Every structure is written in C-alpha cells, then in structure tokens.
Amino acid sequence: MKIAIVGAGKLGLKIAEACLGGNHSVTVIDKDEDVLQKLTLHMDIMIVSANPKQIQVLKDLNISSYDYLIAVTDRDEKNIVIASFAKKMGCPKVIARIRDPEHMHQFDFIKDTMGIDYIVNPDRSITMEIYKYLVEKYTLSDGIFSSGNIALLEFSSNRMKSLIGLQMTDFKKYLPNMLAVALSRSGKVIIPNGETVIQKDDGLYVVGEKGPILALNSKVHEKGKYTNIRRVMIVGGGKTGHYLAAALSEFGVSVKIIEISKARCHYLSTHLDNVMILHGDATDVDLLEEEGIDEMDAFITVTGYDEENLLLALMAKNYGVEDIIAKISRDNYIDLIGSMGVNMALNPLDIVTAHILRYIQGSKRVLSSQLIQGQAEIVEIVAASHMNLMSKPLKHLKLPTGILIAAIHRGSTEIIPDGNSVIQEGDRVIIVCLLSELPELEKYLRPSAKFGFL
C-alpha cells in the first residue's frame with residue numbers, strides 16, 4: 001500500500017519504520033528539508049519538503065493515489081486540516097493525531113464533520129493503560145484474554161510459588177500443555193526463552209486451552225486486588241497528567257499533581273475537579289516529603305523528559321511507594337527500567353504506532369489485538385499464503401527474541417506450538433510481540449511482493 005506520513009517527528013519516524021517493515025511504500029512530508037535528508041540515509045522512503053496545508057502540495061503528490069494519509073505534526077489543528085483536505089481530495093483513509101484534552105469528548109464530531117477516519121491520542125492511550133493497571137490491576141480483562149478455545153491468563157508468580165525458580169524448559173512439567181509467553185519483571189515486559197528463570201513477583205502470561213486455563217485462573221486470580229487504591233501522586237501536568245488525573249479522580253482516588261509551570265497549574269486548576277494542583281519542582285526532596293510521598297499508593301511520572309522521569313521513579317522507590325509508573329519515550333532507556341524498581345514503563349510512540357498499524361491492516365489480516373502493560377501486544381492473525389512465517393518449522397524462522405508464536409487454531413484443533421510446529425495457510429495464529437519489535441513482526445506477516453497484500 002501507499003502511505004503518506006505528514007510530520008517527521010519521533011512518532012512519524014516510528015510509523016514510517018513499522019510501515020516499511022510491512023513492505024508498504026512510504027512518503028514522508030515535512031517542511032524541514034534537513035531532517036528529511038537525514039531520513040533517506042536510514043530508510044528507503046520518498047520525501048517531500050513542503051507545507052502540506054497547501055492544497056497544491058497534495059495535488060502534486062496525487063494524494064488520491066495513496067491508500068492512507070497519516071497526519072502526526074505537533075499541532076492538532078494542522079493535523080485535522082491536512083487530513084480533511086486529503087480526504088476531500090480523494091485519499092480513501094486518513095488518520096490524525098489529536099492530543100488536546102478539550103477535544104476528548106468531541107472526537108466523533110470531528111471525525112464526522114472533517115471526514116477523518118481514525119483519530120489517535122498518545123496521551124489518552126497511555127492513560128488507559130495506567131488506569132487499567134492501577135484500578136483494574138489487570139492489563140487484560142479480568143486477567144484473561146481468550147480466542148476460540150485458547151485463553152491467555154495473567155497472574156503473579158507469587159500466587160503459584162512452585163513456579164518461582166523454575167527454568168522455562170521445565171515449565172510444562174508443572175503446567176502441562178501450557179506455555180509462558182511473557183513475563184513482566186520490574187516494569188519491563190520480557191519474552192522468555194528456554195533459559196529464562198521465573199522469579200518472585202514476576203507477572204506471568206500463560207497460554208493454553210480454555211478449560212485448563214480457567215481452572216488455573218480459579219486458583220491464582222486475585223479478586224479485587226487493587227480496589228483499595230486511595231492516594232496517587234502525578235508528576236507532570238501535561239496532557240497525560242491531565243487525562244490521568246481526571247480518570248483517577250472520577251474513580252474516587254485522591255490525586256495530587258506536581259507541575260513546574262505556574263501557567264499550566266492555573267490551567268489545570270480550572271479544568272480539573274477534586275484534584276490538588278501543586279506548583280513546584282518535583283526533584284525537590286523537601287517538597288515530595290511535605291506532600292507525603294511515603295503515604296502514596298502510586299507515583300506516576302509523566303514529564304516531557306525521560307531522564308527526569310527515571311530519576312523521580314528511583315526517588316519514589318526509595319520512599320517505599322508500591323506502584324511506580326514512568327513514561328519513557330527512548331528505546332535505549334528501556335534496559336534501565338528493570339534495575340530501577342519501576343512497576344510499569346510506557347512508551348507513547350510504540351503504543352500509538354501499534355494502534356495505527358492494526359487500523360491499517362484491518363480485520364482481514366489481524367482478527368484482534370490486546371496490549372500487555374503498554375509494552376507488548378497479543379495479536380491474532382490469519383495466516384495467508386506466502387507470508388514469511390509460513391511452511392517451515394518455527395525453530396527455523398529465526399524470530400527475534402521479542403516475538404513468540406503463542407498458539408495456533410487449525411480448524412477444530414488448538415495447538416500450543418513448539419520449535420517443530422509449522423504454520424499452515426488459513427491457521428489463526430496468536431503472536432506475542434514487544435512493541436519495539438513491531439517493524440520486525442511486520443516483515444514476517446507480509447506476503448511476498450508478487451502476491452500483493454490482503
């Protein structure tokens with residue numbers, strides 16, 4: 001497919017990389033010619049240095065010949081206008097990033113009025129993942145994801161102590177016909193291999209046939225595990241902090257926001273009810289102590305600076321806060337998370353890229369998808385002829401360490417695969433993939449060029 005991406009910022013680059021993995025033809029449009037030239041050194045893309053708000057630019061690009069236009073500049077209004085122009089000029093599907101909380105309750109109106117097919121909101125997406133974790137406590141619905149006769153269960157290793165210290169090669173001795181497809185450890189989601197050892201406090205994601213999984217669920221599921229959350233401190237009063245404070249406050253949680261900008265504090269105080277807004281520098285230990293950081297049930301740091309978020313998360317850990325969540329936008333910081341005691345680290349770019357990819361692929365290729373702690377994705381796909389994961393044993397696919405084939409539906413048969421399993425045309429395949437590996441996963445899902453796309 002032909003895809004036009006407007007905006008060569010961090011999100012635009014993430015989307016471009018993922019689309020190239022799927023063998024799509026990508027054009028990136030931005031006014032900054034220097035940035036575009038640098039992109040061509042690393043990506044096989046077409047670049048256009050121009051202002052896409054000008055109709056002539058879209059005409060010259062022949063935007064009606066594209067399958068998708070994705071507008072992800074740094075301004076909502078610009079994204080709305082560009083996407084609307086492209087739609088009016090014949091582009092079949094247009095996507096816009098819209099971040100302003102004031103638009104949150106009028107997305108449907110914007111879509112209908114402006115002709116926009118799909119809206120993404122990184123801050124809202126992060127908020128929903130954090131809310132599920134803190135309030136519902138399970139990132140899957142009631143701890144279970146199911147498809148047909150296959151189910152995936154989420155639970156703490158502490159609920160089944162016989163698994164602690166167990167190497168994955170011995171996992172099936174304790175839970176026959178089941179497979180551990182992911183671990184959540186110290187805020188980082190891990191796709192395990194045979195040598196991975198289950199540790200205390202690990203979050204386990206186990207797949208198997210629905211009957212045995214539901215029986216296991218009755219033993220390990222902690223009902224009402226997080227209904228007692230009462231006090232939360234949020235550092236960063238930007239869009240994510242705004243969304244999250246509103247959601248938690250509505251649930252009945254006592255929320256404090258610490259924000260360094262006085263003007264932003266004034267804005268938040270006029271737009272949020274029952275939320276305490278504090279003007280100050282959250283790296284000031286005295287301020288944190290005065291505001292009772294040691295009494296908080298959760299500490300969430302969502303400033304615009306990864307380094308500050310990591311530092312603040314470490315400080316909160318030293319005060320014994322049970323749940324610590326940090327927004328991290330740089331992939332090269334992810335390896336630090338496991339050593340810092342963070343319970344959950346979220347990358348908004350990865351999450352939104354996953355949402356956009358699934359929308360582009362549609363229901364013909366991807367039957368369903370579910371995020372795991374905002375870092376990994378459970379994807380169910382229909383295996384098509386000549387996909388790169390077809391007709392050879394899984395052990396010969398050379399899948400990256402962040403991708404795992406979790407289960408295969410074949411007719412009325414459910415298969416928990418091993419290295420000798422072979423995916424066949426028409427199989428419904430459940431895959432667990434780290435969001436950072438989405439471009440690699442796309443390479444395995446794409447059919448060869450001569451057979452086109454589904």
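Is K317 buried, partly exposed or exposed? K317, which sits in helix α12, is partly exposed, with a relative accessible area of 40%, since buried means under 20%, exposed over 50% and partly exposed in between (1.4 Å probe, protein chains only). This is a predicted model, in which local features need pLDDT of at least 70 and side-chain atom pairs count only at pLDDT 80 or more, while totals for chains, interfaces and linings use all residues. Residues are numbered from 1 along each chain as its sequence is written, and side-chain values use heavy atoms, with hydrogens and water left out.

- Helices (H or I, at least four residues) and strands (E, at least two) are DSSP runs numbered from the N terminus.
- The largest pocket is lined by 47 residues, of which K10, R99, G304, K327 and S329 lie nearest its centre; a pocket is an open set of points on a 1 Å grid over the protein atoms alone, where a 1.4 Å probe fits, with protein on both sides within 12 Å along at least five of seven lines, and lining residues have an atom within 4 Å of a point.
- Helix α12 gives the largest share of this lining, four residues.

**Strands β7 and β8**
- Strand β7 (residues 144-147) pairs with strand β8 (residues 150-156) in the antiparallel sense over four bridges, where pairing requires that DSSP finds at least two bridges.
- Within this pair, I144 stands opposite L153 in β8.
- Two residues lie between the strands of the hairpin, in which G148 takes a positive phi near 60 degrees.
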